[in-house]
Amino acid sequence: LVQSSCHSRIFWMKLNKLFLQGKFFQLEINDPYAGPILLDEKLASRCGYVQSEDVWGNPVFRASVLGCHVANEADELFSLTVNIKVSSFASMRAAVTYTYPMYCSYSSWASREIVCEENYMEVSVKTDVPAVSNDYTVAWMSALPETQNVAYQIWQLMFVSPSGRKRIMVSDAAKLGYSFNNTLSRVYLRAPYYSNESDISVVSGINMNMVTSTSMYRQRWLLLLIDMTVSCPVDGTSFTDTTLTWTVPSVIPALLLQESTFLSKNILMGVDGQGIAEPDKNNYLLEHNKTHIGITIPIGAEGGKLKASMNLSVSDGLYGIIYSIDLFLEHTWTDADWQTTKYTVIKSITTPFMPQIPTVINNTLPEEKIFNVAFGHFLPDVSLVAIAIGNVPFTLREAQHRGYKIYETPFSNGTKGFILEVSFDDPYVLKEYVNRNETKYTLLVNYTLSVGPEMTLYYHSAEVECVIADIEIPEAVGYCDEENLYLVIPGFGLHQYWNLYLGTKLLNRHTAHTNGYLAATNSTHLILQIPLFAVGVIYEEVSFQKIKARFDVALRKVRTMETLQIFSVGCNFNPPAFIVCHPDGTVMISAQMKTVPGIDMSKTQLRDSSCKPKEYNEGHAFFKFHVTTCGTSVRFEGDHIVYENEISYEKETLPGRSQITRDPDYRLTVLCYYQAKETVMLGAFISEPSTSRPFGSGTVVPGSNTAVYRRIRRALNVVSRVSKNESFMDFYEPNVAILKRPTESVFLEVELKDESPDAELYLDNCWVTGSLDFNSTPKWNITVDG
């Protein structure tokens with residue numbers, strides 16, 4: 001329950017806080033004559049008592065051996081009895097009283113001793129002075145008129161302050177908070193800080209509280225005057241992020257009459273009431289020079305205590321630490337007037353609030369797929385009470401029941417941290433597909449901690465990421481039959497990480513159906529069947545003998561559209577007849593014309609008779625031309641542009657049968673369909689036809705003299721004119737040549753005057769030529785915004 005000691009003529013008593021935990025206690029001073037006296041603040045400062053706590057929270061009681069109620073034997077043996085009352089109730093009812101006597105032996109008194117305690121200043125002086133001869137009594141008395149009014153055999157005090165002089169009787173001193181008395185060989189004065197009779201002075205940059213006084217005693221032929229001046233430091237502490245420094249003046253002029261005779265004899269520092277003979281072994285630094293004595297303590301050094309704390313003046317609170325240490329300094333010096341002075345200062349120092357930013361250390365091992373996060377460093381009085389994972393709160397018990405591992409770990413400097421382990425597969429862990437084949441796992445955690453004995457709650461959020469290559473990019477398999485290309489693609493990750501694209505279009509079921517693909521899925525794969533002449537097939541080589549075709553699908557990331565892989569299948573085909581319509585308007589036809597008797601395929605032609613086959617044999621003819629040549633016509637059907645031409649055979653007399661002739665109307669109609677909205681201006685392509693994605697679909701329609709494919713055309717009333725500017729208010733006259741540079745705009749207005757309800761006008765595919773011939777070349781497209 002109690003520990004006690006005696007150091008530097010101070011009683012030290014420490015109570016065990018564990019014994020007093022959850023209880024109330026009071027201290028009483030047990031006076032041998034007056035009985036128990038309850039200790040309070042006024043009594044403490046006047047009687048030389050201090051009641052406080054050490055840095056560890058243990059109640060501490062200190063008392064001067066010259067204090068009130070102390071039994072004094074010849075100024076060498078001192079005893080004091082303290083009653084410790086303990087109760088479970090704030091009213092102290094049913095209290096248990098523990099009587100604790102303390103003893104102190106102290107005989108090595110200096111001529112003057114000064115104690116600067118936390119709540120009082122005390123000076124004691126020896127009173128052994130030589131007798132004064134009768135021959136000098138009259139002269140002595142006349143020389144000191146102030147003493148004439150000193151009453152016989154009564155001590156009086158004279159205070160000197162900026163407000164003037166004040167003389168009081170000792171009996172009145174207690175009313176002002178002072179305590180003055182004498183022992184067998186000493187007289188002492190105890191004064192509170194900042195009394196009305198005190199003054200603040202600055203010594204070597206340190207503020208000092210000073211009481212200047214003289215005690216006076218007159219008995220017959222003896223007049224005793226004793227200087228009772230006392231001066232104690234009231235500041236002198238400074239702090240950095242890593243150290244605290246306490247500075248006390250080496251020389252205090254108010255305590256010296258002849259400063260030139262000052263000689264420092266010994267300086268001793270102590271911690272928690274214990275003197276430190278070799279401060280450097282504890283990393284303490286004790287320095288002194290002619291003006292200052294300095295003690296420097298590293299923050300967190302042994303003997304002091306670090307305490308976790310919270311600054312609640314900011315939003316959400318700020319975590320930090322406070323360091324406290326109980327120091328004392330004992331300085332002994334000599335001078336010509338006082339012989340020896342022992343000057344003791346007891347100082348409890350606490351640093352200001354020092355903010356600390358907790359550290360989050362990611363110790364995750366990716367191969368284990370478990371987050372391992374260390375959170376620290378914290379003092380022992382900090383506890384983890386709850387966490388939130390992905391903004392979902394858990395108590396520690398709930399978190400551990402869910403499978404999260406949480407435990408404390410000690411660090412070498414006496415602090416501790418908290419370890420949290422969470423699986424990558426936990427549903428509250430965020431998962432994001434990144435880069436080519438990696439997943440970024442993100443753990444969002446919010447810690448709730450209890451700080452200090454006040455159990456103030458502190459919250460800290462952390463975000464920890466780990467990227468691992470745990471996604472396998474799929475590989476496709478391709479093959480062909482006589483009429484189709486096939487791609488077999490693994491289904492894992494489709495639509496979750498990746499999508500399939502055909503050019504710039506998302507390849508979904510709608511796109512597949514529209515383009516004539518067949519899409520089938522099983523438990524593991526997507527199977528695409530692409531007909532040879534479907535939209536999207538690339539014709540790398542088209543000749544009279546074969547078609548070399550390829551189909552490409554891009555694997556792209558869902559969010560960023562980044563292309564990760566191109567799945568491709570290519571094969572050679574030998575179809576008996578085909579038509580290929582390229583996006584740049586190039587048309588390739590392999591026409592099969594089976595007639596009886598056979599015809600000379602070299603005599604076949606397109607509408608423009610100069611357009612002959614590039615290659616041919618007995619039953620086939622191979623044509624290659626552009627939709628703007630060879631008499632090709634153009635029309636709109638719904639949302640398609642249709643280019644049309646015809647393969648025909650020149651009329652001739654069949655060999656050996658001069659009376660039999662071929663009907664000149666026999667022909668094959670060739671159609672190329674292009675999506676109107678996807679029409680690309682002719683001449684805008686820079687790719688070769690062999691590497692360009694096919695843009696249209698083609699149809700070959702056979703015809704004869706008995707079944708001729710004809711299109712019935714209806715004349716529409718359409719009027720067009722060219723405006724001189726964008727206002728469309730001033731127009732050029734009809735049949736007038738208009739000269740324009742290639743970069744100048746042409747403002748064209750086309751009006752449909754037909755009132756038929758099923759007639760619509762689309763202004764598109766407008767061009768100019770060098771002649772009035774509809775099919776003449778070259779052509780220049782003039783429609784930009786129609």
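Biologist: Among contacts between residues at least 6 apart in sequence, what share joins residues at least 24 apart?

Modeller: This is a predicted model. The share is 60%. The protein has six helices and 60 strands. Buried residues make up 44% of its 786 residues.

Biologist: What makes Cys47 and Cys68 a disulfide?

Modeller: Their sulfur atoms lie 2.3 Å apart. The cut-off is within 2.5 Å, so the pair counts. The structure holds six disulfides. This one links Cys47 in helix H2 to Cys68 in the loop between strand E6 and strand E7, 21 residues apart.

Biologist: Why is the disulfide of Cys581 and Cys672 called left-handed?

Modeller: The torsion about its S-S bond is about -80°, so the link is left-handed. The pair joins strand E48 to strand E55, 91 residues apart.

Biologist: How do you know whether Cys611 is buried or exposed?

Modeller: Its relative accessibility is 12%. Buried means under 20%, so Cys611 is buried. Its disulfide partner is Cys630. Cys630 has a relative accessible area of 8%, so this residue is buried too.

Biologist: Now a sheet. What is the strand order in the open sheet of four strands?

Modeller: The order is E20-E21-E25-E24, with antiparallel pairing.

Biologist: Why do strands E20 and E24 count as edges?

Modeller: Each has a single partner strand, so one side of each is left without a neighbour in the sheet. E20 pairs with E21 over three bridges. At least two are needed, so these strands count as paired.

Definitions and conventions
Residues numbered from 1 in each chain as written. Predicted model: local features only at pLDDT ≥ 70, side-chain atom pairs only at ≥ 80, totals over all residues. Heavy atoms only, no water. Buried < 20%, exposed > 50% of the residue type's maximum accessible area, 1.4 Å probe, protein only. Contact = heavy atoms within 4.5 Å.
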